[in-house]
Protein chains: 2
Amino acid sequence: VTVADLTERELIARVVGRLPAPPEWVVVGIGDDAAVVEPARNQLDVFTVDASVEGVHFDRRLSPPDAIGHRALAVNLSDLAATGAAPRVALLSLALPADLPTDDLDGIVDGLTTLARRSGIQIVGGNITRSSGPIVIDVTAVGSVKRRSILRRSGARAGDAVYLTGTIGGARAGLQCLQDLGTTTLDLSSCIERYRFPQARMRVGHLLGRNRAASACMDLSDGLADGLRQVSEASGVGMTIEMEALPIETAARAWFERAGVDPVTEALAGGDDYELLFTVRPSHRGRLRAVELHGGVPLTRIGVCTPEPGVRLSRGGVVSPMDETLPREFRHFR
Amino acid sequence: VTVADLTERELIARVVGRLPAPPEWVVVGIGDDAAVVEPARNQLDVFTVDASVEGVHFDRRLSPPDAIGHRALAVNLSDLAATGAAPRVALLSLALPADLPTDDLDGIVDGLTTLARRSGIQIVGGNITRSSGPIVIDVTAVGSVKRRSILRRSGARAGDAVYLTGTIGGARAGLQCLQDLGTTTLDLSSCIERYRFPQARMRVGHLLGRNRAASACMDLSDGLADGLRQVSEASGVGMTIEMEALPIETAARAWFERAGVDPVTEALAGGDDYELLFTVRPSHRGRLRAVELHGGVPLTRIGVCTPEPGVRLSRGGVVSPMDETLPREFRHFR
């Protein structure tokens, strides 16, 4: 059975049947022309939209349906986290090829709704349509944030320390392992899980905003090199990053070394880790303590902001501009 | 030059360069991980998302780029209108084939932003990605509405009058004319314009909500027959609709008659008119006066809600169930 066997209304009913009942603050839910929702008291609305396109962001041969659905929401939760926002509601727009098995549709929706339930975001509306092309999943996520807690990319100043949550390189190693037709004796299961089911750093982002611990923040959807460039440009500062300090995932490092490629370069270039990159004023270091205690993920200091513009990498005592250090194919992303 | 010649960042810059500067209540606009917006005071948030997929909702050979962009936003504005909401912000997600000329992208964005400016909705975020498939334009629109002004599909009661804004059948005739390879001596330009540049009934919807004039409301994206069925089912009433009262667009009626098809059937089945279908309590008829004066579009009474379930069509004094009257191919839509 494929989606071609069902009417649009039957498809909608199939998705809606897999959603939990809406809470009281959803005044009008799915089934009307639009959803009506009470805004969070004394907070601002936060909006983000991100697309997951088959063949660009995922491959049906490498990711099971629930991972595809999980990822489509996770990338949006990560954007909310980077703003310091708490998740509130989401809208889901699906463009589906006629030959998509309904079992796969169910799996995609289950992956998405499982993460929605776990992260406390309510799906209040959506759209389903056929397409002659690949699966396109557009998720719009809405969050709420107090004005004083908003995190932006643009607040870093010279002297601020640069931090990363968690580890990097894992998603890239996991994807490479899935794409690799040969076999490996290395255990890449943590990296594969990481690639398939990215975890947005919701709690850290929320705490960083609430404690006003971070001067700037963004999420690493397109890799660390891209993130460093974006935050430094938006803030009008430079950065010097210590390559030896990078928290590269252990299994990923082993994978890259076995493949004969430089783990640091791979970790800088690799996207899909969805960690947070943030900066902290020297006088606000104490505010990080609560984030370290309750954020649920380690924080690593990887460098410092400088008055001189540009991102520089320090490695074995040698400092060089990032753009000259990275191989050409890694300098411009997507 | 096609979109394949530009990086994602250049594509974003190209779109952002065509947007007006954001107002003060947009606290964080395009360029950060998410947009931050002040909610409208003492109002509820209204959310809707709708997709425009090439080959399903539009054909590049029949609609110029600015019409494609216009339509992608208009269908969402129409959903806001049907809820009684005032437009506030929108997010735009584009999946683009590599061979799309950048001139066409500019045209799509211009059509969309022209309508955005005219309707007072602010584009605060979005996403651009490549796709191996057709153009997919997902627009999420956010509006605001007072709790007492919310319009739903479910409020109609037996005895309520059934109304339509404007005229129907025009978009269908316009599309048929564009698809027709032959020539016609009829002037279908108004219908073609109607198909290409649908006008959401924002003002009427807002007034119907504010005056509490309508007991139920929805927009006719999928045609009048579908709308009648939806409102009657959601409200738990039946309806008797007067076929002679239907406000069929004059040029469309001539087109259908020339083609030897029944104008009433075509007007019932034809989608894309984006008029509002609404019901009014007998005691609230006076509240329609302000809507008639300031809504900018004629209102036509087309029937009445009944205690007996089901939609019935009255024609020449003969009343019969709609599902038996409509040809089979018109009974289930999309």
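1. Start with the two chains: 56 residues of chain A are in contact with 56 residues of chain B, contact being heavy atoms within 4.5 Å. This is a predicted model, where local features need pLDDT of at least 70 and side-chain atom pairs count only at pLDDT 80 or more, while totals for chains, interfaces and linings use all residues. Residues are numbered from 1 along each chain as its sequence is written, and side-chain values use heavy atoms, leaving out hydrogens and water.

2. The area buried between chain A and chain B comes to about 4,600 Å², that is, accessible area (1.4 Å probe) lost on being put together, summed over both. Carbon and sulfur atoms give 53% of that area.

3. Six salt bridges are counted between chain A and chain B (a side-chain nitrogen of Lys or Arg within 4 Å of a carboxyl oxygen of Asp or Glu). One to look up is B:Arg153 with A:Asp33, whose closest N and O atoms are 2.8 Å apart. On the side of chain A that touches chain B, strand S3 (residues 44-53) of chain A gives the largest share, nine residues; strands here are DSSP runs (E, at least two residues), numbered from the N terminus.

4. S3(A) also pairs with strand S2 (residues 35-37) of chain B, antiparallel, over three bridges; pairing takes at least two DSSP bridges. Look for A:Val46 opposite B:Val36 in S2(B).

5. Now helix H6 (residues 202-210) of chain A: its buried residues include A:Met202, A:Val204 and A:Leu208, buried being under 20% relative accessible area (1.4 Å probe, protein chains only). A:Arg212, which follows H6(A), has a positive phi, near 50 degrees.

Terms used: Chains are lettered from A and ligands numbered from 1 in the order in which they are written. Buried means under 20% relative accessible area, exposed over 50%, partly exposed in between (1.4 Å probe, protein chains only). Helices (H or I, at least four residues) and strands (E, at least two) are DSSP runs, numbered from the N terminus. Buried area is the accessible area (1.4 Å probe) that two parts lose on being put together, summed over both.
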